[in-house]
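Open the model in your viewer and keep the selection panel at hand.

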Amino acid sequence: MNKNLNKQMYYNVQTFGCQMNFHDSEKLSAMLQSLGYVETEKKAESDIIIINTCCVRENAELKVYGNLGELKRMKQKNPNLILAICGCMMQQKHVVEKIKKSYPFVDIVFGTHNLHRFPELLNNSYQMEGLLVEVWDQENDIPENLPVERKYSAKAFVNIMYGCNNFCSYCIVPYTRGRERSREPDKIYDEVQKLAQNGTLEITLLGQNVNSYGKTLQKPIDFSDLLKVINDIPGIERIRFMTSHPADFSEKLMDTIATLDKVSPHIHLPVQAGSNAILSKMNRKYSREDYLKKINMLKSKTPNIAISTDIIVGFPGETEKDFDDTLELVRQVEYDSAFTFLYSIRTGTPAATMENQIPDNIKMERFNRLVKLINEIGYKKNMHLVGKVVPVLVEGVSKNNPNRLTGRTDTHKLVNFEGPPSCVGSIVPVRINEAKTFSLLGTSEL
Ligand code: 5AD
Ligand code: SF4
């Protein structure tokens, strides 16, 4: 299949967006490796460059178009270079049209529903000139048994479902990832069991709304029951999952988190806004009171639980009072961390045409106030851990300091610490000596 059979062929993958995309890129890597390609970080030495795109916010899209400018120059220097673009952006017709018109030097465009077809598309592309586009509108059956190149073997992502049926009014995902569909539990079980046999300690179960897992299966099973099954797999030490939707987050799941020993005491529960008027316009299907009630119940069942969230600032019609409600909710919940986003208009979603779009300067000013508050609370929460010994899954050597190791607590907090390099890939006790806003510093107790 390679153009030049005498030469080692290299590929480079750039990934934008969420864990789902990151995991899709792991699958693309595995496909290329099984064809004999080797991954490289250097775009200049690559024979194939893949950009796996995200369209949740405009910024990520603009970066992709920016990158394409650079890639055009690389392609002029090396006409044999194959450029492939995939992911959520490609599920939008206007984007594909723009690429055809303004970036015709791209070789392959494919979408989220036909990722597994990449090797064949690559083969076809080698045999033709010009741009090859294959984007499927509809999700078909879930492709099973795809190879995956795991970036970090002690930790692994496992898809349990695809798509979303929620249609939050700001969000493009239901249009790009399609309707909700769940993988069969035995397929998930087999995948996790194989990972465990190969030394994986922590798995993260992925889906846009894992709380509605199983509803579309012929033999329905709910997410709590799936967790119970996975909890019994020997070798797995930590089970994490994302993302949860507050409307579907059940008391049964709270009890499951509280009782299953391997399920991490961490929940990512996006609130998006603290004002009932905005939540309703967002079509989130819960009120501020519903959300806070669930948070209180969670805290009473699992007192050491860490809670993170997503918040959108500047949704159309957001008043100063609405924004205050968000700040007040953040104070009440005391999030350990939060992803904050400036509302970004996504063409085709209901919110894009709502009245009273908020000017950028107001959005930015509110955003800065929110981030300041979140950071203060995050730091305070981290301070509670100083002096304690916590289990840390060691991921490797710290980026900023080669003499330090880096890893995560079971509550998903980042810890940089001094310890023997031999403990990379295992879970070790670490004494926390100092708290920072986004991380902890410690010493291993080995
Ligand atoms: N603008 C800003 N943020 C958005 N998100 C989704 N759509 C938009 C948008 N149009 C955020 C939500 C979601 C996270 C993944 O991205 O907070 O939870
Ligand atoms: Fe988007 Fe809402 Fe679905 Fe999350 S639950 S992917 S925000 S539509």
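A nonpolar core is a set of buried Ala, Val, Leu, Ile, Met, Phe, Trp, Tyr and Cys residues joined through side-chain atoms within 4.5 Å; buried means under 20% relative accessible area with a 1.4 Å probe, protein chains only. This is a predicted model: local features need pLDDT of at least 70, side-chain atom pairs count only at pLDDT 80 or more, and totals for chains, interfaces and linings use all residues. Residues are numbered from 1 along each chain as written, chains are lettered from A and ligands numbered from 1 in written order, and side-chain values use heavy atoms, without hydrogens or water.

**Cores.** Select Leu205 and Phe223. They have the most contacts inside the largest nonpolar core, which has 64 residues. Domain 2 (150-264) and domain 3 (267-384) each supply at least three residues to this core; the bounds come from an automatic or database domain assignment. Next, pick Ile51, Tyr65, Met74 and Leu83. They are among the 25 residues of a second, separate core.

**Ligand 1.** Show the residues around it (a heavy atom within 4 Å); they include Val56, Arg57, Gln272, Phe341 and Arg346. Now display polar contacts (N or O pairs within 3.5 Å). Asp310 places a side-chain N or O atom 2.6 Å from a ligand 1 oxygen. Backbone atoms reach ligand nitrogens too: Ser344 at 2.8 Å and a polar one of Tyr170 at 3.0 Å. Alone, ligand 1 exposes 400 Å² (Shrake-Rupley method, 1.4 Å probe), and the protein buries 85% of that.

**Ligand 2.** Finish here. Its surroundings include Cys164, Cys168, Tyr170, Cys171, His245 and Arg284.

Note on methods
Buried < 20%, exposed > 50% of the residue type's maximum accessible area, 1.4 Å probe, protein only. Polar contact = N/O pair within 3.5 Å; in protein donor to acceptor, adjacent residues only side chain to side chain.
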